[in-house]
Amino acid sequence: MASETHRVHVVTWNVATAEPPSDVSSLLQLESQNSIDLYVIGLQEVNATPLRFIADLAFEDSWSHLFMAALAPLGYVKVSSIRMQGLLLLIFSRQAHLPFIRDIKTTYTRTGLFGYWGNKGGVSVRLSFYGHMLCFLNCHLAAHMNYALQRVDEFEYILDSQDFDIHSTPHVLDHKLVFWLGDLNFRIADHGMHFLRSAINSSRFNLLWDRDQLTMMKKKEPFLQEFEEGPLTFRPTYKFDRYSDSYDTRAQRTWLGFNGKKRKPAWTDRILWRVKPKAPPSGEEDEQDGPKEDEEEEFPLKVMQDTYTCVMEYGVSDHKPVIGSFRLELKKKIETPLVRVYAEGKWSADQDAMVTYSILEPFPSSTWDWIGLYKVGFKSASDYVTYTWVKDDEVSNSDERVQVYVSKEEIPLLGGEYVLCYYSSNMQSIVGISPPFQVQESRAAVEEGLVPENINGLDKAISS
């Protein structure tokens, strides 16, 4: 079986509590000719005032809503997200990949205020992508020039403390591929403001690389050396005047008032990656290690970076967003969905409808598994129109096929194009998707002259 290439687009942005811009096309490279398979979006300093945070827990925050609204019409679905106060991590996938994204887990680590406050720290999502174990870690580390060692200590603490409760990959560095992104807050040491601005204005960024604190720390810390990063051939992304391409021109407010000191530009916002190194030969035969090593050779994973830059056009924050585009070259370990699901017969709100599904591969199913009815272009697993439990509503069962029903009261009156998705509660993911099918307009809709009205992205029926 030949290797296939999948494209991953990674975004990191400290949004400085701002509301999102109206258009994120450039940020997501929506005009690109290359089809993206996965989007990984890490934000820092999302507005987390108490009232706002409570509202965001009940409803999607404004940033998540914006990204879903931009990506869903193009066939992308949010597969996971995690938020810890101002830290937010979102993972989107092309719909076709959903049945092969499994074992999704999330976790977080606080490092602010000695580990009791979540304004700093890391949030992560791990998942299996066609059988390859991937982990995405979004961090916001300690600020200020003098805390480079503390930043490294915080990152090491995050790596040590995060536990996914999965036997094969319990920790971040156990995964085949790790993306590390965020406002890592490393500064450019030693150089004065005049030299910095002269190098930046003349695009001689290479003059600054050897004093970049993360580059310096990588030379000292072996575990950091395992992380790769593309060249810093773009302008330092902090600190800008808002709605401007000018670096910090205002005096800094201090607890004593104002001083004239301005923040030095720095590459605080970064995207790195790590492919798990091959284990060195131990010299002792280990029967359990043999098959793992053979599998790694049979199913290699290669990472190539195509783009690493900042997007200067966005000005809502004092940071510019950083994007990285990657190609993952891999052989699929799995090619069969766990469940085949499809709509049986004709569907309309005039009669109860049937769903047929069959288990294609053994997996830890649960009585909490369900099958959702989704309009084509749905945004996330929770964006269903209705659902039916896979156990409670069984009407027939055989070795090969199971049928469950959906009440006609739950079926949309106006019809439209829909899909059915089987959701595994144990895997926290969709493990089977039906082909698109048509729900017919009901007799009641025709007789009463109902027409669709789009309210918050959902079609509601109203009388004309």
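These exercises with worked solutions concern the structure shown above.

The model is predicted: local features need pLDDT of at least 70, side-chain atom pairs count only at pLDDT 80 or more, and totals for chains, interfaces and linings use all residues. Residues are numbered from 1 along each chain as its sequence is written, and side-chain values use heavy atoms, with hydrogens and water left out.

**Exercise 1. Overview**

Task: State how many helices and strands the protein has, and what percentage of its residues count as buried.

Solution. 
- Start with secondary structure. The protein has 10 helices and 25 strands. Helices (H or I, at least four residues) and strands (E, at least two) are DSSP runs, numbered from the N terminus.
- Turn to burial. Of 464 residues, 49% count as buried. Buried means under 20% relative accessible area, exposed over 50%, and partly exposed in between (1.4 Å probe, protein chains only).
- Check the contacts (heavy atoms within 4.5 Å). Among those with a separation of 6 or more, 69% are between residues 24 or more positions apart.

**Exercise 2. The cores**

Task: Find which residues touch the most other members of the largest nonpolar core.

Solution. 
- A nonpolar core is a set of buried Ala, Val, Leu, Ile, Met, Phe, Trp, Tyr and Cys residues joined through side-chain atoms within 4.5 Å.
- The largest core has 55 residues, and L127 and F179 touch the most other members.
- List what L127 meets beyond four places in sequence. Its contacts include I91, I101, I104, M133, L134 and F136, and also R102, D103 and H132.
- A second, separate core has 25 residues, among them W13, I41, L66 and F67.

**Exercise 3. A histidine in a loop**

Task: Locate H175 and decide whether H175 is buried or exposed.

Solution. 
- H175 sits in the loop between α4 (148-161) and β8 (177-183).
- Its relative accessible area is 0%, so H175 is buried.
- The side chains of H175 and R126 make a polar contact of 3.0 Å. A polar contact is a pair of N or O atoms within 3.5 Å; within protein, one must be able to donate a hydrogen and the other to accept it, and residues adjacent in sequence count only if both atoms are side-chain atoms.
- Beyond four places in sequence, the contacts of H175 include F164, T169, R274 and K276.

**Exercise 4. Two helices**

Task: Say which residues of α5 are buried and which are exposed on the other side.

Solution. 
- In α5 (residues 193-201), L196, A199 and I200 are buried.
- They span an arc of only 100° around the axis, which puts them on the same side of α5. The arc is that of the directions from the helix axis to the C-beta atoms.
- Recall the geometry: an α-helix has 3.6 residues a turn, so residues three or four places apart point the same way.
- H194 and N201 are exposed on the other side of α5.
- The cover over the buried residues of α5 includes α6 (206-209).
- Just after α5, S203 takes a positive phi of about 60°.
- Now take α3 (residues 62-71). Its buried residues are W63, S64, L66, F67, M68 and L71.
- Their cover includes β1, α1 (25-28), β2 (38-44), β3 (76-84) and β4 (87-94).
- At the start of α3, a side-chain oxygen of D61 reaches to within 3.0 Å of the backbone nitrogen of W63.

**Exercise 5. Aromatic pairs**

Solution. 
- Rings of Phe, Tyr and Trp (its six-membered ring) pair if their centres lie within 6.5 Å; planes under 30 degrees apart count as stacked, over 60 as edge-to-face and the rest as tilted.
- W13 and Y314 have ring centres 5.5 Å apart and planes at 55°, so the pair is tilted.
- W180 and F227 form an edge-to-face pair, 5.3 Å centre to centre, with 65° between the planes.
- Ring pairs also link W368, W370, Y374, F378, Y384, Y387, W389 and Y423 into a cluster.
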